[in-house]
Amino acid sequence: MAFRRRSTSGSKPQLKEKVVQIYESFFKGEDVSKDNDNFWDEFFLLKPKISYIETEIEKLSIEQLITLQDNFRLLFTKCITTFECQHQLRIIFSLKTLTCLVSSLYKKFRINPTFEFISILVIPKDTDMVFENLLGKCNIMLCEPECVVVKDLCLQFLLTIVTGTDNLNENPALRHLMTNSVFEPLTEVLSNNIYQTYHGYDSILLLTLLMNVETAKKTNPYVVKLSLLDKEDTLNGYSQILRWSLEEICQQYRSEEIAQYSNNTWFNTFTSVVSNMLFVPETIEEHNIELPQEIRSMSGILIALYEAVHYNRNFMTTLTHCHSSNNYESHPSVMQQTQAATNNPDLKLPSDNQFSNLLVTFFQYCSIVMQDTKTEANANNSMLCFVILSSITDDQFANSLMHDVNLQFKVDLYRSPTRRYMFVPDKSPKPLAAALLDLMIEFMLGHMMKKLPFDQYMKCISIIHRIICYQKRNSVRLCYNWKDLWSSLITLLKFLMTYEHQLSQDMNIYDLGIQIVNIFNLFITYGDMLLPSPSSYDELYYEIIRMHTVFDNIYVLSSRNSSSVSEHKLSATKLSNCLINIRAIINHYIPKIDNWLEKNSVTTPVGEEILEVVRNNYDTLTLKLLLDCLGSFESNKSNHDLSSSSLIKLMVSKVVKDTRQSLKHSNTDLQQILQNFSLYTNPS
């Protein structure tokens, strides 16, 4: 065994590890396997020194790497060959070595994109054959009942390849993953109750990134295969992994919320109560909310959910599929592995297996992430949540599930303690459509500020519109307190009118006003098909009459802008036209109410007295059928693609960087694995 030089301090010489000696010879260009037929069998029983390999490659110039390419090619080939052996420790060490090698060369490539790093690893003419062999062996490792660690490291290796460049479409190795698909083994992992527990997150993340690679044929094979996927156990596994990930965030937020409340003083509580009593919409104040980093970095899971609901209609059946414990604890292998996996951050265990479903958990997550739209990352996540909800409400079957009275769930929506509005949703079990409406109302009332998240408001109102259009088409009467929705929409209209001058400089608030007014038009025209009782229809008219000054002012504002030279002239004209029925109601009832008050000498009428006037004067009210204003939001996937593609591309780039960073900090020491190796191996 060689020794290092004595230090000047006179300390004892340090032993140089055998594997380090081999590395030194390797990077000098020497033939490390010369005169030793068993060299590679012995080499892959030595624990790799990952940090040494990374440091040495980082020090080498591109010219020096080219000089050493024969050694790199030999090591690359031997790592792949070792995958065929039966000794799992050798496979583990070869995977770690291969991952480190590829990761280090990608780092060079990111600095100098002209560097053809693949030719350092493979003879150019053999590239297709070698990668076909490599990915074929990866498929086998993912499909066969290997130990947990082998599958985990195999997924890390594939993720290292996929995240090698910030832009997926600039990654030269990804064309091989397009022609040599790993879709089937990844979905097999999701189908297995045992393996989905440990590898589900990485499998879905890998699939998500591969689906966002642009191909020469403009048809991504992973997208095609996902769209055709109809295996129930695979779809349920996909849904289960998404729910676990979202639920973990909800639990973390819940814990931090409890801690925050416990630190509040009685004065905070008192001022909160007073603020609730003196409610005004939050007009120019902005929320001072700091969401945990884990909540902000959920982009990968959100994109995975978007891909599933957007491309695979069969996935809609899993949205309300109730997930309870998969009984994975009873598996003998997992019983052994549980203790070791708990101490290993690379192995993902679900934090909660309680009875729930993906849609409930997603609504809860949305109520958290939609609280903060100030930063770009948070705003993107929130916007993608709206895009996903739009796709769900655009689907007939998903809507039928959300309106099914036999599928009722308790959905605990979270809200910031700084919110001062009075809306408090009913927390009893109810159809999911009602919970979604509550979520949209929470967003509407919670973001009336100078920097209005306009695009998100447009999505929010269109989601409400889609839900009501579904009810209209199918004569569904959702048992819901519609007054909460109407008053929230009127509050939003009032806000837009009050701050029109500031807001209209950056956005077309008239388009948003059109969507809001059209929701009222839907209820006015089709209320007898939507509302649960005739009294609900009376309450609709009561709310319009009670808040008539808001509609009057909106009409004056839109009329003024429609008759002047304005960039929003067309939208303002359309908004004033949309108000025709609402103005007819106001102009019809206000004089009759005034006459009734004068006749009965009443100065302050109660609500029931006004409702009685409304009921007695329906017959003389004349309304128009506004077909152009009602709309039906028929399914249009191409429009969804156009509106969300730029957002997805932006978020995918962030997911790539975040994933690469997490791989960098994964357990490279392997000491934990060596100490518990027997625990990670499935019993024969």
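Analyst: Cys 138 is buried, its relative accessible area being 0%. Keep in mind that this is a predicted model. Cys 138 takes part in no disulfide, and the nearest cysteine sulfur, that of Cys 154, sits 4.0 Å away. Cys 250 is in no disulfide either; its nearest cysteine sulfur belongs to Cys 366, 9.1 Å away. By this rule the count for the model comes to zero disulfides.

Helix 19 (residues 358-369) packs against helix 22 (residues 432-446) at an angle of about 10 degrees, and their axes are 10 Å apart. Angles under 35 degrees count as roughly parallel, and helix 19 and helix 22 are therefore roughly parallel to each other. On the helix 19 side, the residues that meet helix 22 are Leu 359, Val 360, Phe 363, Cys 366 and Ser 367. Helix 22 answers with Leu 432, Ala 435, Leu 436 and Leu 439. Sorted by class, that contact has eight nonpolar residues, one polar and no charged ones.

Both of those helices turn up again around helix 21. The buried residues of helix 21 (residues 396-403) are Ala 398, Asn 399, Leu 401, Met 402 and His 403. What covers them includes helix 19 and helix 22, along with helix 20 (376-393), strand 2 (430-431) and helix 23 (454-474).

For a crossing of another kind, look at helix 27 (residues 534-546) and helix 30 (residues 580-599). Their packing angle is about 80 degrees, with the axes 9 Å apart. The range for roughly perpendicular is 65 to 115 degrees, and helix 27 and helix 30 are therefore roughly perpendicular to each other. Helix 27 brings Tyr 541, Ile 544 and Ile 545 to the contact, while helix 30 brings Ile 582, Ile 585, Ile 586, Tyr 589, Ile 590 and Ile 593. By class, the residues of this contact come out as nine nonpolar, no polar and no charged.

How values were computed: Residues are numbered from 1 along each chain as its sequence is written. This is a predicted model: local features need pLDDT of at least 70, side-chain atom pairs count only at pLDDT 80 or more; totals for chains, interfaces and linings use all residues. Side-chain values use heavy atoms; hydrogens and water are left out. Axes are lines fitted to C-alpha atoms, for helices over the stretch in contact, and angles run from 0 to 180 degrees between N-to-C directions. Helices (H or I, at least four residues) and strands (E, at least two) are DSSP runs, numbered from the N terminus. Angles under 35 degrees count as roughly parallel, over 145 as roughly antiparallel, 65 to 115 as roughly perpendicular and the rest as oblique. Contact means heavy atoms within 4.5 Å. Ala, Val, Leu, Ile, Met, Phe, Trp, Tyr, Cys and Pro count as nonpolar, Asp, Glu, Lys and Arg as charged, and the others, Gly among them, as polar. Buried means under 20% relative accessible area, exposed over 50%, partly exposed in between (1.4 Å probe, protein chains only). A disulfide is a pair of cysteine sulfur atoms within 2.5 Å.
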